[in-house]
Amino acid sequence: MSTLRDVVSAHTDLTSNSAAHLQRLVAEWQLLADLSFADFLLWGAVKDRPGRFVCLAQVRPTTGPTAYEEDQVGRILEGDDAQHLNVAFTEGRIFREGDPVWRGDVAARHEAIPVRRRDRREVIAVAARDTNLSDTRSPSHLEINYLKTADYLVQMLTDGGFPPPLLPGEPTTAPRIGDGLVRIGGDGLVRYASPNALSAYRRMGVTGHLRDRDLAELTRSLPSSPEVGADAARRIADALAGGTPRRKEIEAKGATVLMRALPLRPGGKAAGALVLVRDITEVRRLDRELVTKDATIREIHHRVKNNLQTVAALLRLQARRVGSPQARVSLEESVRRVASIALVHETLAQSSDESVGFDQIVDRVASMAVEVSVAESKVTLRREGTFGVLPSEYATPLVMVVNELLQNAVEHAYPPGQEGEVVLGVARDGDRFRVTVTDHGKGLPEGFRIADSTRLGLQIVHTLVTGELRGTIDMRPRAEGGTEAVVDFALQ
């Protein structure tokens, strides 16, 4: 039982709304751990066992040493070991009393913080902030500001103001304070800016320091678009007023910075806002390169499709001018083969990756096979099962294999004028495929072997299946009459 949802359902009687609140907390609390330089453990009261608690989740800091080498999720505490948790849970206050607790050679300071929902006053869980005391030294200016900000958020946690409500479409990933942190007071002036935050703003054109400057107005002046600047400033002002605005990307001077503003309201009193910034200039540059490459690849597939259609049209014209019936049939078969490959490239030209939905392609190939044969026979074609999405390197040979097998069945299984049915069956198990083409026609000649066939179409099928698809093919008579072609292959 490794997930929070599993542990909650197995050990506690928390409601679904309370469990959802804890899920949002766990999605955001890396911020708390990094600002506190401490581990955070989430403890829930075990149902029907007063004074007993189970660890629901755990996060370690990326800014300092952990207090726990082993994972604590699922661990049960009771008695004296759970005293700090019991005080926070029953009295609804932050517990900071007590001596350091030793685990082996590591001493840790334990704090217990009651967790409440925004809409309810009762305590639903306890968050323990456990700090490894082995690295004790005078804190730097950065560490002091981190810890002060952490204390604000911890108080909001027990008030129900943290985590912020999840906005529709907003990602649940926690921000990283190492990317850049700015703390502003209730007047909107910068109280502290981390070195990375200062670097991010300087890439957008800011000169000098950020301290004591109005961050909203400063941010408003940076982007070349006044609308973007006004929107960014509005979000900072919204956080100062207690709101939780969405993340915002700001582009200025060729740099792109992702900004997120969070209100700081410990005890319900305005204390400013926390602004997290991350320089994503390189990320967006790579995104633009990928978009350009994707567009180029789609254009290539589009041109290949057009060229193949041109080749098919030329072959079709040539077939009309050939006097030999046998040569005309051969050219018309080539037209169908080229057209089936063109279908794959047409689909890839409309796709955002190098994979295709193969069912729509094979259905169009089947329609082409029936349309060609309609003058000679009354054969219907039916598909059972689905191919799903296939990589392009498998789609091209497979569409030719299916085209040849369907065409062979439609043309040769039934005498001219006789009604019949050809069934294309697909059985997929993960990356393994079993494709069958069956009919109820006149069957195969005595001693037939596909590897020995002189028909060009069947020779193409055998070569593509054993070579390109690295699979096997067998054509055999059916006990109830007719023929069955079976292709087995797996995606490598």
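Student: At 1% relative accessibility, does Val 410 count as buried or exposed?
Tutor: Keep in mind that this is a predicted model. The cut-off for buried is under 20% relative accessible area. Val 410 comes in at 1%, so this residue counts as buried.

Student: How far apart in space are Val 410 and Leu 215, C-alpha to C-alpha?
Tutor: Along the sequence, 195 residues separate the two. In space, going from C-alpha to C-alpha, Val 410 and Leu 215 are apart by 74 Å.

Student: At what angle do the axes of helix 12 and helix 13 cross?
Tutor: Helix 13 covers residues 456-468, and its axis comes within 9 Å of the axis of helix 12. The crossing is left-handed. As for the angle, the two axes cross at roughly 150°.

Student: By class, how many nonpolar residues does the contact of helix 12 with helix 13 have?
Tutor: On the helix 12 side you'll find Pro 397, Met 400 and Leu 405, among others, while helix 13 brings residues including Leu 458, Ile 460 and Val 461. Glu 404 in helix 12 and Glu 468 in helix 13 are also part of the meeting. By class, two residues are polar and two are charged, and the nonpolar ones number nine.

Student: Switching to rings, how many aromatic pairs does a search of the whole structure find?
Tutor: A pair of aromatic rings is described by the distance of the centres and the angle of the planes. Searching the whole structure for such pairs gives seven.

Student: Phe 53 and Phe 89 form one of those pairs; is it stacked or edge-to-face?
Tutor: The ring centres are 5.7 Å apart and the planes are at 75°. Planes over 60 degrees apart fall in the edge-to-face class. That makes the pair of Phe 53 and Phe 89 edge-to-face.

Student: How many residues apart are Phe 53 and Phe 89?
Tutor: Phe 53 sits in strand 2 and Phe 89 in helix 4, so the pair links distant parts of the chain. Phe 53 is buried at 1% relative accessible area, whereas Phe 89 is partly exposed at 25%.

Student: What is the centre to centre distance for Phe 358 and Phe 387?
Tutor: Phe 358 lies in helix 11 and Phe 387 in the loop between strand 13 and strand 14, so this pair ties together parts 29 residues apart in sequence. Both residues are buried. The pair is edge-to-face, with 70° between the planes, and centre to centre the distance is 4.9 Å.

Key:
Residues numbered from 1 in each chain as written. Predicted model: local features only at pLDDT ≥ 70, side-chain atom pairs only at ≥ 80, totals over all residues. Heavy atoms only, no water. Phe/Tyr/Trp six-rings, centres within 6.5 Å; stacked < 30°, edge-to-face > 60°. Helix = DSSP H or I, 4+ residues; strand = E, 2+ residues; numbered from the N terminus. Buried < 20%, exposed > 50% of the residue type's maximum accessible area, 1.4 Å probe, protein only. Axes fitted to C-alpha atoms, helices over the stretch in contact; angles between N-to-C directions. Left-handed = near helix turned anticlockwise from the far one by under 90°. Contact = heavy atoms within 4.5 Å. Nonpolar A, V, L, I, M, F, W, Y, C, P; charged D, E, K, R; others polar.
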